[in-house]
Amino acid sequence: IRGLIGFGFPLLIAIGFSGWYNLVRFGSLLDDGHRLNAADHLSPTPWVGLLGMFISPGKGLLWYCPLLLLAAFALPAFFRSNARACVLAVTVSLLSMIPYAFVNDWYGGSAWGPRFFLPVLPLLCLSLLELPTLVSQSTVRKIVAGSIIAASIAIQVGGQFVSYPDRLRMAQKLGYGSDIFWNLRHSPLLDHIGTLATYISHPAWATHPVPKTQTYDVWWLNLWRIDGAPPQLTMIAGLTVGILAMFACCFLVRLAIQFERTHNN
């Protein structure tokens, strides 16, 4: 009981603060400002939202985060090594899905992937802690795991470098905005990756403002193109981000090499 109280007390504080905020701003404890939003309207077909959050090509977790395939593969080993953490992570993740499966806006509106599931993705990926041990002794497993990781990175790069709202508005204008969830041909994933390839083949487009052309949508680049900041500041910001990313990659590679040496010894 003491552990349950310790676990639930921060949640009660958050719920209390949220209720107070709703009361002050919207006049009711249960009014969060979304009365006219689809997220506050129950769906007659909750199974559509449930399947959509997992497998739909336009919003499915398995499409937007292929790492979950590796997480599922590592889940039994994670359960054997830390059963309590495994049960807690899976339970919290599954329970957080229930409220959104029953509303019309199960897909999270104009966002990259299933927006409502973003807070629990770290919990779903906890089992990846066991992945190095599972793949270290098999070349085939290393190749498969490396391919899935590379695909996951490419998907996120497409989501970060290409303006999702601009592409969504274009889909609505062309008449297939409501078809992006279940039609693979109109999935934002393929659209963004293809658009990113076009950007790379036309590097001069990077100098044009985002609202006026299809080009990279990066905050440090927009400082110059839209906000009028000096180009030197843009270059410094971009180089800083690139250097930090390079150091992070080198650190991860070094840790992986150390782990493999330790495991082999």
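Helices here are DSSP runs of H or I with at least four residues, strands are runs of E with at least two, and both are numbered from the N terminus. The model is predicted, so local features need pLDDT of at least 70 and side-chain atom pairs pLDDT 80 or more, while totals for chains, interfaces and linings use all residues. Residues are numbered from 1 along each chain as its sequence is written, and side-chain values use heavy atoms, with hydrogens and water left out.

Q: Why is the pair Asp-166 and Arg-169 called a salt bridge?
A: A salt bridge is a side-chain nitrogen of Lys or Arg within 4 Å of a carboxyl oxygen of Asp or Glu. The closest N and O atoms of Asp-166 and Arg-169 are 2.5 Å apart, and therefore the pair meets the 4 Å criterion.

Q: What separates Asp-166 and Arg-169 in helix α9?
A: About one helical turn lies between the two, because they are three residues apart in helix α9.

Q: How do you know whether Asp-166 is buried or exposed?
A: Buried means under 20% relative accessible area, exposed over 50%, and partly exposed in between, with a 1.4 Å probe and protein chains only. Asp-166 has 16% relative accessibility and therefore counts as buried.

Q: What makes Arg-167 and Asp-191 a link between distant parts of the chain?
A: Arg-167 forms a salt bridge with Asp-191, again with the closest N and O atoms 2.5 Å apart. Arg-167 belongs to helix α9 and Asp-191 to helix α10, 24 residues apart. Arg-167 is buried, at a relative accessible area of 10%, whereas Asp-191, at 23%, counts as partly exposed. The structure holds two salt bridges.

Q: What makes up the lining of the largest pocket?
A: Its residues divide into 18 nonpolar, two polar and two charged. Here Ala, Val, Leu, Ile, Met, Phe, Trp, Tyr, Cys and Pro count as nonpolar, Asp, Glu, Lys and Arg as charged, and the others, Gly among them, as polar. The pocket has about 880 Å³ of space, and α12 supplies the largest share of the lining, nine residues.

Q: Why does the term nonpolar core apply to a set of residues?
A: The term requires buried Ala, Val, Leu, Ile, Met, Phe, Trp, Tyr and Cys residues joined through side-chain atoms within 4.5 Å. The largest such core has 18 residues, and those with the most contacts inside it include Met-53, Leu-68 and Phe-117. Its largest share, three residues, comes from α4.

Notes. 1 Å grid on protein atoms, 1.4 Å probe; cavity = no way out; pocket = protein on both sides within 12 Å on 5 of 7 lines; lining within 4 Å. Points joined across faces, edges and corners; volume = space filled by probe spheres on them.
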